[in-house]
Amino acid sequence: RRRVLMASRRKVRGRGLAPTPVGAAVETGASASGRDGPEGQPSSKANLVPRARYCLQLASKDSAKAILEYAVGQMVDRGLNVKLMDAKYLIVSPKEMEVLTLEAENHKYLKALKNSDEEVVVFSRAVLDQVKPSDGNHVFTQAEEMKLLYHVLQSVTIDPKVLEKLKVCVGEENGFLTRLKSSNPPVLEDAFPMHESTGLKELARGLKMSFLPTNGLPLKEIRKYFGEDVTFYFSWMQFYAKWIWCPALCGLLMWLLRPSGVTVDNDPYLPFYSIFMAVWGVLFLIFWQRQSAVNSYNWNTHSHSAVELERPEFHGVLSPDPVTRKPRLYYPSWKRRLWYVFSFTAMLPLLFVGVCVMALSLNLNGYIKDKNSPIYVASLSKYAAPGGIFAADTPYYGFWLIPTIAHSIIVNIINSIYSKVAETTTDLENHRTVNQWYVSMVIKRVLFECLDCFMPLFYIAFYQLDVVVLKAEIISLFMSDEIRRVVMETVIPLAKTLVFGKAVFRSKAEILDTVLTEYEQFDDYLEMVVQFGYITLFASACPLGATVTLLFLFVEVRSDLFKLLNAYRRPFPMRASNIGVWFTVMKTMVFLSIITNSAILGFSSEQLMQWVPSLFSRDAADGDQVMVAGSGRYIVGIVFGFEHLLLLVALALQWTINPVPKWVRVAIGRQKYLRKQRTGLQLGMDATSKKGKTD
């Protein structure tokens, strides 16, 4: 096999084309059947079989044979196995571990030493035997191997002149995959990591053993397989489930111990629950920062600076870079700002549609009883009136839930349409890096979808001033959203995989990954953040929301991990030291919740009236509370004083509690010191060696 490989390399150097016919696999150790990886683990780290595999989807089955031969030949010459499947997919894997160790040395990976729990070193082949294994006998986890394989693929060299002769024009972008995806005509349509059976089995075993979402998730196995970015999401879910127990129990007790005739509208103890939830929200964020610091230290990502992957779609004018003096694509920022304005303008029509859907839903639910309301529709409200088909007293069991479920489905459709609009407008903004594109996309979609989800609740709370109806709407949204999430994100993708995967690729298990749905982590984060908003923004109206959230988390955590293992493509493993922009979104919600709960206390409910009845009186017509003449200034003063006091408490807690535990700060400082000592010692040895040679 080694002689065949050497002969193939000589042919590549001589002809510049692939050493084997297109479609023939060059296999030197890596398994090429199904999702399976190596059965046994060799004792030597240098001889371990790589487990990473990438799938390159060709833009067309009719791609010219000469182009494929050239591309395959360049990959083989870089030390990669290439196998053509179904005339449209190239399965790529490293021939030997040496290919990945060289790349890890180039990217200066940090690795822990065997004989030290404190010291980490920059990886090199010289310290290979001193490095602590990360995954069994392997120096690198499966996620790290996948990242290294991606970097190897990106470093494959191609000659634009050769491609020009083959009638393919490539741009000035860096990276083999990037250039072939953005070429004219495009050579590659997509490139994605492939699943590996051993890692999947370990994760499935860990999922079966984890019943409680508070501490049973196999985070270690998730990190090895998916990388730190995905693991941070599940770590946050586990932390969230652990912290939600306290407000869930408090909310449940308040509901159970509430006297007969008392509702959320006139419960005198709900203001204390609002104070508790405000403090809880601030402490939750602070201690999550501390947990993130612990995670990033344990996973060696605390000094991580995000790798800025350039987008193949980025375009501009070539001009010298002021730092490197090398030619680089440049795009003026003023043009991007104009596209920001266009993006906001494109959001308005869909937001108007969302307002219309909200109005229809509220009428069908019977929440709009005021005929002078600007969104009252008599022809719809009659169906929710007593005796109507959607009324609470309807003889048709469960029909009253239809408007809420329909509203949830229509909002989901609108959000799906807007996600495509947001993606298009973000593309028009022409961001250079994937991270810049992602942040812009998150801001657009979070802003739109939060408005879409919370508009009905804000209308009920601050226009209709009916917290009893607000509580019923929140519980209904909880139930309908959870059912929709499980069906849309797990059941349907899994059914699609089972049907199409077996029908189309029954004899080609290796291509099963191509029929899997692409994983969008954004959707998982967004759904949980919206749920977080329900229990914080409207805590004084729905204390039972935290209890419902805890129950749904039992389903959500397992559902999210199950769908990643069975219904979605393997996401690209990204290094991360926190959850990124989502922390800022939650922090904004916590501070907004102080304002909304203060307003509900004083203006939307009778909770404040229970404590200062002298400032209120009853309307003789409908029995609602009204302010006593001249008491408005005092009520406003109490509400805003309450709100400012909570804001000061929140700021004091943030200022008092350090977001990084002391032991983590000490350990990181110790690591830096030991690394500096080792670097200084190595430089001294190199200088002595050089001087000896000179003498």
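Is Lys108 buried or exposed? Lys108 is exposed, with a relative accessible area of 57%; exposed means over 50% relative accessible area, buried under 20% and partly exposed in between (1.4 Å probe, protein chains only). We will come back to Lys108 in one of the legends below.

A word on the model: it is predicted, so local features need pLDDT of at least 70 and side-chain atom pairs count only at pLDDT 80 or more, while totals for chains, interfaces and linings use all residues. Residues are numbered from 1 along each chain as its sequence is written, and side-chain values use heavy atoms, with hydrogens and water left out.

**View 1. The whole chain holds 22 helices and 10 strands.** Helices (H or I, at least four residues) and strands (E, at least two) are DSSP runs, numbered from the N terminus. Of the 695 residues in the chain, 51% are buried. Take the contacts between residues at least 6 apart in sequence: 72% of them join residues at least 24 apart. Contact here means heavy atoms within 4.5 Å.

**View 2. An open sheet has 4 strands in the order β2-β3-β1-β6, with antiparallel pairing.** The edges are held by β2 (80-85) and β6 (188-193), each with a single partner strand, so one side of each is left without a neighbour in the sheet. On average, neighbouring strands of this sheet are turned by 20° against each other, direction ignored. Two strands pair if DSSP finds at least two bridges between them. Strand β1 (residues 54-58) pairs with β6 in the antiparallel sense over 5 bridges, and here Gln57 stands opposite Asp190 in β6. As you follow a strand, keep one general point in mind: in a regular strand the side chains alternate between the two faces of the sheet.

**View 3. Helix α4 (residues 142-154) lies across β1, β2, β3 (89-94) and β6.** Helix α4 runs at about 45° to β1. Another partner of α4 is helix α3 (residues 97-106): their axes come within 9 Å and cross at roughly 85°. Axes are lines fitted to C-alpha atoms, for helices over the stretch in contact, and angles run from 0 to 180 degrees between N-to-C directions. The helices α3 and α4 are therefore roughly perpendicular to each other; angles of 65 to 115 degrees count as roughly perpendicular, under 35 as roughly parallel, over 145 as roughly antiparallel and the rest as oblique. From α3, the contact uses Met97, Val99, Leu100, Glu103 and Ala104, and from α4 it uses Glu145, Leu148, Leu149, His151 and Val152. These residues divide into 7 nonpolar, 1 polar and 2 charged. Ala, Val, Leu, Ile, Met, Phe, Trp, Tyr, Cys and Pro count as nonpolar, Asp, Glu, Lys and Arg as charged, and the others, Gly among them, as polar.

**View 4. Helix α9 (residues 228-243) packs with helix α19 (residues 545-566) at an angle of about 160°.** Their axes are 10 Å apart. The two helices α9 and α19 are therefore roughly antiparallel to each other, and their crossing is left-handed. A crossing is left-handed if the near helix is turned anticlockwise from the far one by less than a right angle, and right-handed if clockwise. Among the α9 residues in the contact are Tyr233, Phe234 and Tyr240, and the α19 side includes Leu553, Val557 and Leu561. The contact of α9 with α19 has 11 nonpolar, 1 polar and 2 charged residues.

**View 5. Helix α11 (residues 270-298) packs with helix α21 (residues 632-656) at an angle of about 25°.** With axes 10 Å apart, α11 is roughly parallel to α21. The crossing of α11 past α21 is right-handed. Residues that meet include Ile275, Val279 and Ile286 in α11 and Phe642, Leu646 and Leu653 in α21. This contact divides into 12 nonpolar residues, 1 polar and no charged.

**View 6. Strands β7 (residues 317-320) and β8 (residues 327-330) run antiparallel, joined by 4 bridges.** The two strands form a hairpin with 6 residues between them. Look for Leu318 opposite Leu329 in β8, and for Pro320 opposite Pro327 in β8. In the turn, Arg325 has a positive phi of about 65°.

View 7. Most residues other than glycine have a negative phi. Lys108 is found in the loop between α3 and β4 (110-112). Leu465 is found in the loop between α15 (434-462) and α16 (467-504), where Leu465 is partly exposed, with a relative accessible area of 40%.
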